[in-house]
Amino acid sequence: MEHAWDAGGMGCGKLVIELKRRMDPLRPGERITVTARGPGAPHDLPAWARMAGHTVLSAEPPVYVLERGGE
C-alpha cells in the first residue's frame with residue numbers, strides 16, 4: 001500500500017517527529033512519499049530514515065520515497 005504526506009516547509013525536529021508518527025503504523029515494506037520543502041529536509045530526512053532502519057528509495061527534493069524497515 002502506498003501512503004503520501006505533504007510536510008510543506010516543516011522544520012527538521014517537527015518533520016522527523018511527525019514522520020515517525022506516520023511511519024509507525026506502516027507494515028514493513030510499505031512506502032510513503034513525503035513532500036518536504038524545509039531547508040534541512042534534503043539532509044535530515046534521509047539521515048533520520050537510515051538511523052530509524054528505513055530505506056530511502058528516492059530522494060529528489062522536495063520529494064522523498066521511504067520504505068518502512070522490518071522490525
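**A close look at Thr35 and its strand**

Guide: Leaving out residues up to four places away in sequence, Thr35 touches Trp5, Asp6, Ala7, Gly8, Pro62 and Val63. The model is a predicted one, and in it Thr35 lies in strand S2. Thr35 counts as buried because its relative accessibility is 17%, where the cut-off for buried is under 20%.

Between S1 and S2 the chain passes through helix H1, residues 12–23, in a β-α-β crossover that is right-handed. S2 also pairs with strand S4, residues 63–67, this time in the antiparallel sense and over 5 bridges, with Thr33 standing opposite Val65 of S4.

In a regular strand, side chains alternate between the two faces of the sheet. Turning to the nonpolar residues, the largest nonpolar core holds 16 residues, and those with the most contacts inside it are Leu19, Ile32, Val34, Ala36 and Leu45. Two or more residues of this core come from each of S1, H1, S2, helix H2 (41–51) and S4. For Leu19, once neighbours within four places in sequence are set aside, the contacts are Trp5, Ile32, Val34, Leu45, Trp48 and Leu66.

Technical notes: Residues numbered from 1 in each chain as written. Predicted model: local features only at pLDDT ≥ 70, side-chain atom pairs only at ≥ 80, totals over all residues. Heavy atoms only, no water. Right-handed = clockwise from strand over helix to strand, strands pointing away. Helix = DSSP H or I, 4+ residues; strand = E, 2+ residues; numbered from the N terminus. Pairing = 2+ DSSP bridges. Core = buried A, V, L, I, M, F, W, Y, C linked by side-chain atoms within 4.5 Å. Buried < 20%, exposed > 50% of the residue type's maximum accessible area, 1.4 Å probe, protein only. Contact = heavy atoms within 4.5 Å.
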